[in-house]
Each structure stands twice: as structure tokens, then as C-alpha cells.
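Subject: Handing over a structure

Dear colleague, please find the structure below, followed by notes on what was found in it.

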Amino acid sequence: MSHGGLSVVHRTGSARTRVALLAGLFVALLALVMGAPGTAHAAGKGNVSHPELDWMGSTVRAHEGSHSTGNVVSPMVAQTAGMDVSSYQGNVAWSTAWNNGARFAYVKATESTTYTNPYFAQQYNGSYNVGMIRGSYHFATPNTAGGAAQADYFIAHGGGWSADGKTLPGALDIEYNPYGATCYGLSQASMVSWIHAFANEYHAKEGVYPVIYSTYDWWSTCTGNNSGFAATSPFWIAKYASSAGTLPAGYGYYTFWQYADSGVFPGDQDYFNGDTTRLKALALG
């Protein structure tokens, strides 16, 4: 009798185990589909699905258009022409760009902690070889990894700086989220903390603070127009207009201005706010 009872319990237990396993599998599959906490999607890794289409300013025109503004920022007398490129440009004809007047270039190196530009070597070394002062930039995705982690990844994959007079400090490209919420789901305070973490880590490892690239509108919206970077990081303003417009709080002038997303040079069209001697001084830190 007891043997029969145990047998019934055993068979019942086995059935329940199978049901539990099937239920667990269903929940796991549902989590993968819906991006529930604990999945790769929820961790942010799945958000970087088209990094080859994310470059410095790739989101600007769609959000801000191209127009003039009444708030004029007066540049220095001399402006030095340059450009920024990414994998979207592929192999760049650097001699042609130099002959057309470009004297500096910034090259996309990385995005998040998962992507490196496959054309980086051709672009970074090619610009240097024709005589340009060049630097590299990181396309930030603050919802996929911390600021310090992204700075480390950037440095390890082409974002480093050296005081050779030909290498500009790395740049942090932080702009509208190409994958979703404008501010990447972060509060203004959290965004400021993320940028500080990136900038401080870069400074700790490289000895200089990174250049920060953004638009006034994004900066105002997502950081509350924070002024806490003006004492350390040069600002690169994006404004497709006849003037650079309003700058973030604390900045009396821009260091770089991305004034158009097409023109005589491959990629985006930029000015450095000064002559080549000042550009070299920035390269020297």
C-alpha cells in the first residue's frame, strides 16, 4: 500500500516538474521577446543596432533642421577649416581634402563598448599622413554602459591622446539618441553625472579633458544647460546655420563649430575657432 502511494506521489511529482520546466521555458522565451530585465536587450547591448549610421551630427538635422539664428557668437578673426568622418565615408581621399583646404579631421573610433569603426586606420592615419592635425571621437550611448567604461573602451580603440602636436584630444559626441528617447532615459542629473564620469576617466588616463560635441538644444534639454564642464572641456557646437548661435552655460566661445553636414570636404564641415598655431596648441594640450 505504501509502495503504491509512493508511486503515485512520484508520478505526480514528475508531471509537476515537467509543467514547471515548460512554464520556465515559456517565461524565458517571453523575456527574450519583450526585453525583460536580465536580458541582453535590457542591459542596452541590443540598442546599438546600426552604429555605422551613427556619426557626429547624424541626428541633428532631423531634430533641429538647418536655419539661421539671431543669437550670434562672434568667432576669432581666423577660422581653420576641417572635417569629421566615420565609416559612412569609407576610404577617404585625404590628399584631395587637404588640397581643398582641410587642416584638421576628427574620425569616429567607437560607439558604446561594442563598436569600432572598420575604416578607422585608413581615416586616422591617412589624415595624419597628408599633414592634418587629427583626433578621434566616441559616439556616446549613455543607456548601454557607464561613462567611465565607455571612456576606457574609446581609449583602448583609437581614442588616446599624445602630446606630439598632431593629435587632438579625444571628443565625446553626445547628441540625440538614434535608438529612442532623446536623453537615453536619463534624468538631467544622471546625464551630467554620466558625462562627468566619461570626462574624468579620460582625463585620468590621458592627462587632458575631452572635447564635448553637442547642440545647444540637446544640452539644454538633457543636462539642464549645465555649466560644470566649461572650465575643463572645450565645446564643439553643432549648428547648421550662418552662425554658431547660443552656447551652453559657462562657455564664452566655441572651440569647434560643425556648421554643415555636407560641403567641399567628405563628411561634416567644421571650423576651429582660431588659426593653425592655436590648433597646434590644443593638440599639445
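In these notes, contact means heavy atoms within 4.5 Å, and helices (H or I, at least four residues) and strands (E, at least two) are DSSP runs, numbered from the N terminus. This is a predicted model, in which local features need pLDDT of at least 70 and side-chain atom pairs count only at pLDDT 80 or more, while totals for chains, interfaces and linings use all residues. Residues are numbered from 1 along each chain as its sequence is written, and side-chain values use heavy atoms, with hydrogens and water left out.

Helix α4 (residues 120-129) has F120, Q123, Y124, G126 and S127 as its buried residues, where buried means under 20% relative accessible area, with a 1.4 Å probe and protein chains only. These buried residues pack against β1 (80-85), α3 (94-99), β2 (104-111), β4 (133-139) and α5 (147-159). After α4 comes G131, whose phi is positive, near 110 degrees.

A nonpolar core is a set of buried Ala, Val, Leu, Ile, Met, Phe, Trp, Tyr and Cys residues joined through side-chain atoms within 4.5 Å. The largest one has 43 residues, and M83, I174, I195, W218 and W219 have the most contacts inside it. Among the elements that each supply at least two residues of this core are α4, α5 and α7 (216-223), while α6 gives the most, with 6 residues. A second, separate core of 16 residues includes L168, V211, W236 and L282.

Best wishes

Technical notes: Buried means under 20% relative accessible area, exposed over 50%, partly exposed in between (1.4 Å probe, protein chains only).
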